[in-house]
Amino acid sequence: TLVQSGRVKVNGLIVREPSFAVEVGDDVMADGQKVEAKQYVIVMLNKPAGYVTSKEDPHAEVTIMDLLPQELHHLVPVGRLDKESEGLLLLTNDGNLAHRLTHPKFHVDKTYTVRVGGELAREKKMRLEHGVVIEGAKTAPCCIRDVQYNGTDTEFRMMIHEGRKRQIRLMLKAVGSHVHYLKRVAVGDLRLGDLKTGAWRYLNEREIALLRRRS
């Protein structure tokens, strides 16, 4: 409507055709105001335990925003990690990407390192992988691998594509196990790598391409 009513100029000339191609460097004005392409930002944070995944929380001592510089406070976390959990957390201003990374229908896997008390018996593992009922609804099938029992507790990798609140903790509770440690180490093909706990960094072009292709 703005274009067809003659309220948009490109390089000083009124344009009335909405399909008019605009190139990088063109000067675009709408009602006398300069229009610029939105710059999308994607940041990876290695969230420590004890920090709440929220932009603002009056009841929290510290939130993930306390780990980021002020110029990144406009970003929104992609999904959540509960207060006791740590690991890979993405933040972005690209709402479409965030939706595609978090909605279960897109089947983007999230991989976690999990440690539980006692032994994760084969029967429990199979129940988890086939889905268990938490809060009145059955979870989608998951994948558990690299199970290692050391005599007092069991550590393993767990891959899910849902993002229900405290899902892994509730799943393990449903089979009688208690989570001692939980860390997200991957989202799709994106790995946390050696990013230090509490540190953040911008994703590089290859990593952004991985996310967009996977989502």
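Colleague: How many bridges pair β8 with β13, and is the sense parallel or antiparallel?
Modeller: β8 and β13 pair in the antiparallel sense over 7 bridges, where two strands count as paired if DSSP finds at least two bridges between them. Strands (E, at least two residues) and helices (H or I, at least four) are DSSP runs numbered from the N terminus. This is a predicted model, in which local features need pLDDT of at least 70 and side-chain atom pairs count only at pLDDT 80 or more, whereas totals for chains, interfaces and linings use all residues. Residues are numbered from 1 along each chain as its sequence is written, and side-chain values use heavy atoms, with hydrogens and water left out.

Colleague: Which residue in β13 stands opposite Tyr112? And how many bridges join β8 to β12?
Modeller: Tyr112 stands opposite Arg184 in β13. β8 is also joined to β12 (residues 153-160) by 8 bridges, and these two strands run antiparallel, with Asp153 in β12 as the bridge partner of Gly117.

Colleague: Why is β8 described as largely enclosed?
Modeller: Of the 8 residues of β8, 6 are buried, so the strand is largely enclosed by the rest of the structure. Buried means under 20% relative accessible area, exposed means over 50%, and partly exposed lies in between, with a 1.4 Å probe and protein chains only.

Colleague: What about α3, which of its residues are buried, and what covers them?
Modeller: The buried residues of α3 are Gln167, Ile168, Arg169, Met171 and Leu172. Their cover includes β8, α2 (122-130), β9 (133-134), β12 and β13, with contact meaning heavy atoms within 4.5 Å. After α3 comes Gly176, whose phi is positive, near 85 degrees.

Colleague: Switching to pockets, what is the volume of the largest one, and which residues are closest to its centre?
Modeller: The volume of the largest pocket is about 530 Å³, and of the 26 residues that line this pocket, Arg80, Leu81, Asp82, Arg164 and Arg166 are the closest to its centre. A pocket is an open set of points on a 1 Å grid over the protein atoms alone, where a 1.4 Å probe fits and protein lies on both sides within 12 Å along at least five of seven lines, and lining residues have an atom within 4 Å of a point. Grid points are joined across faces, edges and corners, and the volume is the space filled by probe spheres set on them.

Colleague: Which element gives the most to that lining?
Modeller: β13 gives the most to the lining of the largest pocket, with 3 residues.

Colleague: And which residues line the second largest pocket?
Modeller: Among its lining residues are Val3, Val8, Glu17, Phe20 and Val35, around a space of about 160 Å³. By class, this lining has 10 nonpolar, no polar and 1 charged residues, counting Ala, Val, Leu, Ile, Met, Phe, Trp, Tyr, Cys and Pro as nonpolar, Asp, Glu, Lys and Arg as charged, and the others, Gly among them, as polar.

Colleague: Where is Glu17 found?
Modeller: Glu17 is in the loop between β2 and β3, and at 44% relative accessibility this residue counts as partly exposed. The side chains of Glu17 and Ser19 are joined by a polar contact of 2.9 Å, that is, a pair of N or O atoms within 3.5 Å; within protein, one must be able to donate a hydrogen and the other to accept it, and residues adjacent in sequence count only if both atoms are side-chain atoms.
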